[in-house]
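Colleague: I'm still new to reading these, so please take me through this one slowly.
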Amino acid sequence: MTSARPTTTAANRYAISGRSLAPAFRACRRIVARHGRTYFLATLLLPAHARPATYALYAFARQLDDAVDLPGGDPHRALDDATRLLDDVYAGRDVTGPVATALAATVHRYGLRRAWFDAFLHSMRMDLHTAEYPTFAALGEYVHGSARVIGLQMLPVLGTTVPQAEAEPYAAALGEAFQLTNFLRDVGEDLRRGRVYLPATELAAFDVDRQLLEWSLDTGRSDPRIRRALRSLVAHNRAVYRRARPGIALLRPESRPCVTTAFTLYQGILDEITGADYDVLGKRAVVGGRRRAGVAARAFLGGLTPSRP
């Protein structure tokens, strides 16, 4: 049976500050900088000691997500390989490759739970056979592994001023809020991959279904029913942000500017969606570089509590 916690001997071998690990963490940093502009900007506000682990966790998740989503690969094999990698990591065996090495160091440095990674792999496997979700409750199983556990993984890295268990519900909620924002931003991109993450019952309340979304995507024409549905879903997403917000004050002070920046900028995506009259199928909502820089600067200069949405 696989241990839920890393071994002490492996923790000694994978000292996260070891010089031999520097190339592995630099490789992870490049992955974050290339693929997650908003996320990468926020990480620059972290204390230096917390950045390598943050990059390692992102790089591992990104590689698996790409293996499932991008054409040309074998997602089943990639997920099986990831399971074997985690077996090796938690057994304290040697691993190869920069992302694997950085991940092993991070797991052992911070004592990250195996269950969090298993939940993530479960959600990635769901993407291989689940094309839509009837309700928010059904979507919750996917969101737990794809997003909530990411927030939980980050808590030991960011540090808390209270017992970690007290902060975990807020961290999970923030991961959920970020994921829901991604779903709203990426409706068109997900449709092209054959998936609809927006719950069918929520869409049906406004007479929207997959066929109408596909029609809008194919023709480039908007529909008031879609706009009304998205307005409701954006309001739901903002409520999740409000639920997550108190958790920022529970983090160590030096970690708050990073999370404040991400909190504000991801809600900025919702502002862009609203400003575009909910046209998420015609274009991708993004926060402009000037606004991203301004939010980060304010957080860096001492704005340690998130601005209200």
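Modeller: Let me begin with a term: helices here are DSSP runs of H or I with at least four residues, and they are numbered from the N terminus. Please also keep in mind from the start that this is a predicted model.

Colleague: Okay, how many helices and strands are there in the chain?
Modeller: The chain has 15 helices and 0 strands. Helix 14 covers 256-275 and helix 15 covers 289-300, and in the loop between them you will find aspartate 277.

Colleague: What is the phi of aspartate 277?
Modeller: Its phi is near 55 degrees, which is a positive value in a residue other than glycine. As background, most residues other than glycine have a negative phi. Aspartate 277 has a relative accessibility of 40%, so it counts as partly exposed.

Colleague: And where does aspartate 207 lie?
Modeller: Aspartate 207 is in the loop that runs between helix 11 (200-204) and helix 12 (210-219). It is not a glycine either, yet its phi is positive, at about 60 degrees. With a relative accessible area of 57%, aspartate 207 is exposed, because exposed means over 50%.

Colleague: Before we go on, what pLDDT does the chain average?
Modeller: The average is 89, and 86% of the residues score at least 70. Two stretches call for care, though. Residues 7-12 stay under 50, and the model has 7 contacts for them beyond four places in sequence. Residues 303-309 are also below 50, with 18 contacts in the model beyond near neighbours in sequence. Where pLDDT is low, the predicted coordinates should not be read in detail.

Colleague: Which residues does phenylalanine 117 touch?
Modeller: Leaving aside residues up to four places away in sequence, phenylalanine 117 touches Leu57, Phe60, Leu86, Tyr90, Leu103, Val107, Leu112 and Gln153. Phe117 also belongs to one aromatic cluster together with Phe60, Tyr90 and Phe120.

Colleague: How many aromatic pairs does the structure hold?
Modeller: There are 13 of them. Take phenylalanine 40 and tyrosine 55, whose ring centres are 6.1 Å apart and whose planes are at 35 degrees, so this pair is tilted. Since phenylalanine 40 lies in helix 3 (residues 37-43) and tyrosine 55 in helix 4 (residues 51-69), the pair ties together parts that are 15 residues apart in sequence. Phenylalanine 40 and tyrosine 55 are both buried.

Another tilted pair is formed by phenylalanine 178 and tyrosine 241, at 6.2 Å centre to centre with 55 degrees between the planes. This pair links distant parts of the chain, 63 residues apart, with phenylalanine 178 in helix 9 (residues 164-185) and tyrosine 241 in helix 13 (residues 224-244). Phenylalanine 178 is buried at a relative accessible area of 18%, and tyrosine 241, at 0%, counts as buried too.

Colleague: What about charges: which ring does arginine 109 lie over?
Modeller: Arginine 109 lies over the face of tyrosine 110, at 4.7 Å from the ring centre.

Colleague: And how many salt bridges does a search of the whole structure find?
Modeller: The search finds 20. One of them joins arginine 62 and aspartate 66, with the closest N and O atoms 3.3 Å apart. Both residues lie in helix 4, and their spacing of 4 residues is about one turn of the helix. Arginine 62 is partly exposed at 24% relative accessible area, whereas aspartate 66 is buried at 18%, because buried means under 20%.

Colleague: Which residues are linked in a network of salt bridges?
Modeller: The network links Asp69, Asp127, Glu189, Arg193 and Arg195. Within it, glutamate 189 forms a salt bridge with arginine 193, and their closest N and O atoms are 3.1 Å apart. Glutamate 189 counts as partly exposed at 31% relative accessibility, and arginine 193 is partly exposed as well, with a relative accessible area of 34%.

Definitions and conventions. Residues are numbered from 1 along each chain as its sequence is written. This is a predicted model: local features need pLDDT of at least 70, side-chain atom pairs count only at pLDDT 80 or more; totals for chains, interfaces and linings use all residues. Side-chain values use heavy atoms; hydrogens and water are left out. Contact means heavy atoms within 4.5 Å. pLDDT is the predictor's confidence in each residue, from 0 to 100. Rings of Phe, Tyr and Trp (its six-membered ring) pair if their centres lie within 6.5 Å; planes under 30 degrees apart count as stacked, over 60 as edge-to-face and the rest as tilted. Helices (H or I, at least four residues) and strands (E, at least two) are DSSP runs, numbered from the N terminus. Buried means under 20% relative accessible area, exposed over 50%, partly exposed in between (1.4 Å probe, protein chains only). A charge sits over a ring if NZ of Lys or CZ of Arg is within 6 Å of the ring centre and within 35 degrees of the ring normal. A salt bridge is a side-chain nitrogen of Lys or Arg within 4 Å of a carboxyl oxygen of Asp or Glu.
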